[in-house]
Amino acid sequence: MITAYGKIIKGVGGSYLVDTADGLVECSARGRLRRTELIPMVGDRVSVSVGKDNTGSIDKICPRKNFLIRPPVANIDILLIVCAAASPEPDFTLLDKLLAIASGKDIEGVVCVNKTDLAPGEKAGEIADIYKRAGYRTLIACARENTGIDDIIGLIPGKTVAFAGLSGVGKSSLLSLVTERSLAVGGVSRIERGRHTTRHVELIQAHGGYVLDTPGFSRLEVDGIKARDLRLLFPEMARLEGKCRFRGCTHTAEPDCAVIDALDKGDIAQSRYDSYKQMYEALKEIKEWEENK
Ligand SMILES: Nc1nc2c(ncn2[C@@H]2O[C@H](COP(=O)(O)OP(=O)(O)OP(=O)(O)O)[C@@H](O)[C@H]2O)c(=O)[nH]1
Ligand SMILES: [Mg+2]
Ligand SMILES: [Zn+2]
């Protein structure tokens with residue numbers, strides 16, 4: 001037996017594929033680990049005992065930086081939120097929500113505008129600009145014309161990058177170009193979902209890091225975010241922290257609010273502010289509901 005360290009890239013029925021410095025090892029979770037009742041997740045960094053036949057057992061799971069429940073995956077570094085310049089039209093509310101959720105989990109949100117071939121003129125650039133001005137890294141790509149792929153690849157070394165966004169925006173198409181592996185594109189995934197086919201989460205090794213496709217990810221829950229902390233998850237508002245008349249200003253109805261001033265001056269995009277307010281109201285309701293329980 002030797003001890004190796006690695007990352008779980010796939011898990012099927014109690015068996016886990018671990019990527020180690022010496023290659024892939026198929027592992028079970030036996031013994032000591034079972035007694036701690038921690039269930040290994042894809043994305044976990046683990047130490048494993050490897051036997052002569054190159055199968056092993058997971059001994060220890062390193063503390064998780066973060067994890068998602070749907071899909072179940074741990075230790076995401078970057079959420080690449082893909083939207084289409086057209087077809088489907090961008091859903092700014094969803095984009096802003098995914099970015100805030102990512103930030104709340106210490107995941108860097110990056111916006112990628114795809115399908116530039118379908119949008120006239122500057123539309124893709126204008127969408128990207130909203131997010132660049134807010135403080136996010138933004139990319140512009142076109143899977144159809146094979147442009148912008150190198151910029152996506154540039155995000156990957158040393159990181160685990162999850163692709164998220166509405167159905168049909170081109171996540172799988174872009175991932176296929178990035179990994180040079182063909183993944184279910186277009187109708188296929190829709191048919192599978194209709195049939196409730198079980199989807200196994202799988203990290204794909206690429207460019208010195210890992211990538212992950214997440215169909216249906218757009219329904220991500222806002223678990224654990226408090227209404228009063230939401231303002232810190234919008235970088236353009238977090239930058240103005242302390243500039244409002246009231247401490248802990250929620251930027252919704254208070255007088256002399258620096259965020260509302262910035263909105264009036266056009267320094268904060270209306271769509272971003274609208275998303276903030278919508279999320280804020282929804283989170284506030286959750287809190288009130290919980291307090292009255
Ligand atoms: N015109 C155009 N079509 C594209 C582009 N990228 C993807 N598509 C098409 O858009 C459709 C949806 O692409 P997918 O890659 O399956 O989208 P997805 O985000 O993976 O969708 P789900 O798996 O349902 O979440 C397919 O028919 C693609 O061929 C692009 O840049 N331009
Ligand atoms: Mg897909
Ligand atoms: Zn304010």
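**Entry 1: the zinc site**

I began at C249, which counts as buried because its relative accessibility is 3%. Buried here means under 20% relative accessible area, exposed means over 50%, and partly exposed lies in between, with a 1.4 Å probe and protein chains only. Before going on, I noted that this is a predicted model, in which local features need pLDDT of at least 70 and side-chain atom pairs count only at pLDDT 80 or more, while totals for chains, interfaces and linings use all residues. I also noted that residues are numbered from 1 along each chain as its sequence is written, that chains are lettered from A and ligands numbered from 1 in the order in which they are written, and that side-chain values use heavy atoms, with hydrogens and water left out.

Which protein donors does the zinc ion (ligand 3) have? I found C244 (SG), C249 (SG), H251 (ND1) and C257 (SG), lying 2.1 to 2.4 Å from the ion. Donors are N, O and S atoms within 2.8 Å of the metal (3.2 Å for Na, K and Ca), and sites may look incomplete because water is not among the atoms. The spacing of the donor residues in sequence reads C-x4-C-x1-H-x5-C. H251 is buried as well, since its relative accessible area is 1%.

I then checked the geometry: the site of the zinc ion (ligand 3) is tetrahedral, with angles of 104 to 115° among its four donor atoms. Four donors count as tetrahedral if all angles lie between 85 and 135 degrees.

**Entry 2: the barrel**

Next I looked up a closed barrel of five strands, which runs 1-2-3-5-4 with mixed pairing. From one strand to the next, the twist averages 55°. For such angles, axes are lines fitted to C-alpha atoms (for helices over the stretch in contact), and angles run from 0 to 180 degrees between N-to-C directions. Strands (E, at least two residues) and helices (H or I, at least four) are DSSP runs, numbered from the N terminus. Two strands pair if DSSP finds at least two bridges between them.

I followed strand 1 (residues 2-12), which pairs with strand 2 (residues 15-20) in the antiparallel sense over six bridges. Here G6 has T20 in strand 2 as its bridge partner.

I moved on to six strands that form an open sheet in the order 10-9-8-11-13-12, with mixed pairing. Strand 10 (137-140) and strand 12 (204-206) each have a single partner strand, so one side of each is left without a neighbour in the sheet. Direction ignored, neighbouring strands of this sheet are turned by 25° against each other on average.

Is strand 11 (residues 160-164) mostly covered or mostly open, I wondered, and how many of its residues are buried? It is mostly covered, with five of its five residues buried. T160, A162 and A164 point one way, while V161 and F163 point the other way. In a regular strand the side chains alternate between the two faces of the sheet.

Strand 11 pairs in the parallel sense with strand 8 (residues 78-84) over four bridges, and L79 meets A162 there as its bridge partner. Strand 11 also pairs in the parallel sense with strand 13 (residues 209-213), again over four bridges, with Y210 as the partner of T160. Further along, strand 9 (residues 108-114) and strand 10 pair in the parallel sense over four bridges, and V113 stands opposite I140.

**Entry 3: the cores**

Which residues of the largest nonpolar core touch the most other members? Of its 44 residues, they are V48, I58, V73, L79 and V113. A nonpolar core is a set of buried Ala, Val, Leu, Ile, Met, Phe, Trp, Tyr and Cys residues joined through side-chain atoms within 4.5 Å. Helix 3 (residues 123-134) gives the most to this core, with six residues.

**Entry 4: backbone details**

Last, I looked at the loop between strand 8 and helix 2 (92-104), where P88 lies. A cis peptide bond joins S87 and P88, with omega about 0°. S87 has a positive phi, near 55°, and counts as partly exposed because its relative accessibility is 46%. I found another cis peptide bond between R70 and P71, with omega about -5°. Most residues other than glycine have a negative phi, and most peptide bonds are trans.

Terms used:
Tetrahedral: all angles 85-135°; square planar, octahedral: opposite > 155°, others 65-115°.
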